[in-house]
Amino acid sequence: MRHIISPTDLTLKELDDLLNLAEDIIKDPKKYSDAYPRKKLATLFYETSTRTSLSLEAAMLNLGGSILGFSSGDASSASKGESVADTIRVISSYADICAIRHPKEGAPYVASLHSSIPVINAGDGGHNHPTQTFTDLLTIKNLKGRFDNLTVGFCGDLKFGRTVHSLIGALSRYNNIKFVLISPEELKIPSYIKEQVLDPQNIPYKEVKSLESAIPSLDILYMTRVQKERFFNEEDYIRLKDTYILNTRKMSLAKEDMLILHPLPRVNEIAVEVDDDPRAVYFKQAQFGVYVRMALIMLLLGESEGRPIC
Amino acid sequence: MLNIGVLNQGIVIDHIKVGGAMKIYTYLNLENIDVSVAIIKNARSNKMGRKDIIKIEGTLNGINLDILGALDHKITINIIENGEIIAKKNPKLPDYVDNVLKCKNPRCITSVESVPHSFKLTDKEKGIYRCVYCEQSSKSVPDTITKI
Ligand SMILES: [Zn+2]
């Protein structure tokens, strides 16, 4: 049984197939509207993530399937202290595929060990969130047309931002990628990302503090939220937060074809005035999230039925 | 009586990182096995500055000493027979160990559910094991070695 627990559970070839399928869905979503009419997706959300659950549910409905599941409000009553292992054994007999969101890291992996249906990790603590990474990759592929020869800037909270860590890992598999890591001192990328991902592969990267000075060189700018609770004191937060807010003035320094990505929800790190800029693709990115999840569900259901789609 | 200098028949676990001897003692459950044990803490070492040593007079049946490599990959194990070292080896690090190391990541599923604490060897050189659930390194938090 195939599961997707980490973004690297797909080989480069499989990832390519997934993204190609997703692009075909983008071109003609109707073609896939009856792909899996009798299949059920169970969404087991032990913590709330409205965006991710809606995106997965939309994906399954778009394929003609149906959905069932629970979300954190009723997670405790749904599981009644039951172990993840027991829950998944039961859910396996109700549904054909499932997606798990859990505050504890590794919970989806535990589920996959006991599941007879494919398990998709829909986010486990600060660990993995593969469908977000696939969404980011599809956005880059579709709008940039390539994964190599790119200078990619990450801005904001690079310390705790798992979407940043995963995307760096995923893009590191391609040629001639450069990273510009833009953050305050307090929120710099963890050293293990440098030691385990960047340095061993000799990937060029710069760590800088100013978005303004970094922005002209970027092909892609991946924005994240700078959360107040990450700072030791209010003054530091107030002093720094504006530095990492993207506005039209900073955008005037960027390349004409630079893309702005953001995993959403946004708070104030991208000024609303930027939304009308054609380079602001974060809402499109959210839409692509549904398509890539459709492709992923198709890939997993196809494999579990013994008829691979790629 | 155990002669700390020379063993007749037994095992010397040498080059233990300072402070690690009691953990290995606990892991091997030496307290409950009928053998004589000497623990030498903070001994001088040319190679490491300071080290711990455990000397065990007697035999440890059915214990895979390679597993100790997961606790401390720099140790050497000397097998003594008739007062002579007949074998000197570094543990061969197992690819996986179950319930030897304990994950100390408070956000890990192992902190709330009873699943085996499984670790995978990810860096042979440095002897780094990572939790199979959350990928936390066994070395990233000090004092991860616990008998569980
Ligand atoms: Zn763990």
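## Interface of the two chains

The area buried between chain A and chain B is about 1000 Å², with 51% of it given by carbon and sulfur atoms; buried area is the accessible area (1.4 Å probe) that two parts lose on being put together, summed over both. The model is predicted, so that local features need pLDDT of at least 70 and side-chain atom pairs count only at pLDDT 80 or more, whereas totals for chains, interfaces and linings use all residues. Residues are numbered from 1 along each chain as its sequence is written, chains are lettered from A in the order in which they are written, and side-chain values use heavy atoms, without hydrogens and water.

In chain A, 16 residues are in contact (heavy atoms within 4.5 Å) with 14 residues of chain B. The rule finds one salt bridge across this interface, a salt bridge being a side-chain nitrogen of Lys or Arg within 4 Å of a carboxyl oxygen of Asp or Glu. B:R107 forms a salt bridge with A:E105, and their closest N and O atoms are 2.8 Å apart.

## Helix 6 and helix 7 of chain A

Helix 6 (residues 130–144) and helix 7 (residues 162–171) of chain A pack with their axes 9 Å apart, at an angle of about 55 degrees. In helix 6 of chain A, A:Q132, A:T133, A:D136, A:L137 and A:I140 meet A:T163, A:S166, A:L167, A:A170 and A:L171 of helix 7 of chain A.

Conventions
Axes are lines fitted to C-alpha atoms, for helices over the stretch in contact, and angles run from 0 to 180 degrees between N-to-C directions. Helices (H or I, at least four residues) and strands (E, at least two) are DSSP runs, numbered from the N terminus.
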